[in-house]
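Q: Could you walk me through this fold, starting with the overall layout and then going into the sheets?

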Amino acid sequence: MNRKEFFQQSFVGLTVLATGVGLSQCLGGCSSSTAPTDVDITLDLNASENSALKTVGGYLRTQGIIVACVGQGSYVAVQSACTHEGQALVWQQSDNRFYCSEHGATFARTGAVTKGPAKDALASYTTTLNGTMLRITS
Ligand code: FES
């Protein structure tokens, strides 16, 4: 094998390796996320772990769902994983949206896509406040 043949074979080998790595990464992370189903969660707003929901603009993630306090006594809940590649979303009260920092997708309160690259809406859930108990159901 001369020097030219060596480099040609090395390049082919690296290309195959890079393609394999890229494919395996895609198989593990390029699909849309799965939204929780059969949801029935009750959060006690007086519990310290739920204290973020006592403040307008506060939010928390639980069991695959992100819950945000969008106004006094007003809550919204959607799946917490971005429908693009599954990154955990945040709630941005000042922009009235869910935001994905991974690639910049944004979603309305309803879960509708307002900016890509995500194409699919987030699953949204019903929120019901009874005293200090917040129930989230599908
Ligand atoms: S993972 Fe959310 S925009 Fe890509």
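**Fold and sheets**

A: Read along the sequence, the chain follows the pattern α-β-β-β-β-β-β-β-β-β-β, where helices (H or I, at least four residues) and strands (E, at least two) are DSSP runs, numbered from the N terminus. This is a predicted model, in which local features need pLDDT of at least 70 and side-chain atom pairs count only at pLDDT 80 or more, while totals for chains, interfaces and linings use all residues. Residues are numbered from 1 along each chain as its sequence is written.

Q: How many helices and strands is that in the chain?
A: The chain has one helix and ten strands.

Q: What order do the strands take in the sheet of six?
A: That sheet is open, its order is 1-10-9-4-3-2, and its pairing is antiparallel; two strands count as paired if DSSP finds at least two bridges between them. Strand 1 (40–44) and strand 2 (59–62) stand at the edges with a single partner strand each, so one side of each has no neighbour in the sheet. On average, neighbouring strands of this sheet are turned by 25 degrees against each other, direction ignored, with axes taken as lines fitted to C-alpha atoms, for helices over the stretch in contact, and angles running from 0 to 180 degrees between N-to-C directions.

Q: How many bridges join strand 1 to strand 10?
A: Five bridges join strand 1 to strand 10 (residues 133–137), and the two run antiparallel. L43 has L134 in strand 10 as its bridge partner.

Q: What is Y99 in contact with, leaving aside its neighbours within four places in sequence?
A: Y99 is then in contact with L89, V90, Q92 and T106, contact meaning that the C-beta atoms, placed from the backbone, lie within 7 Å. T106 in strand 7 stands opposite Y99, and the C-alpha atoms of Y99 and L89, ten residues apart along the chain, are separated by 5.5 Å.

Definitions and conventions
Contact = placed C-beta atoms within 7 Å.
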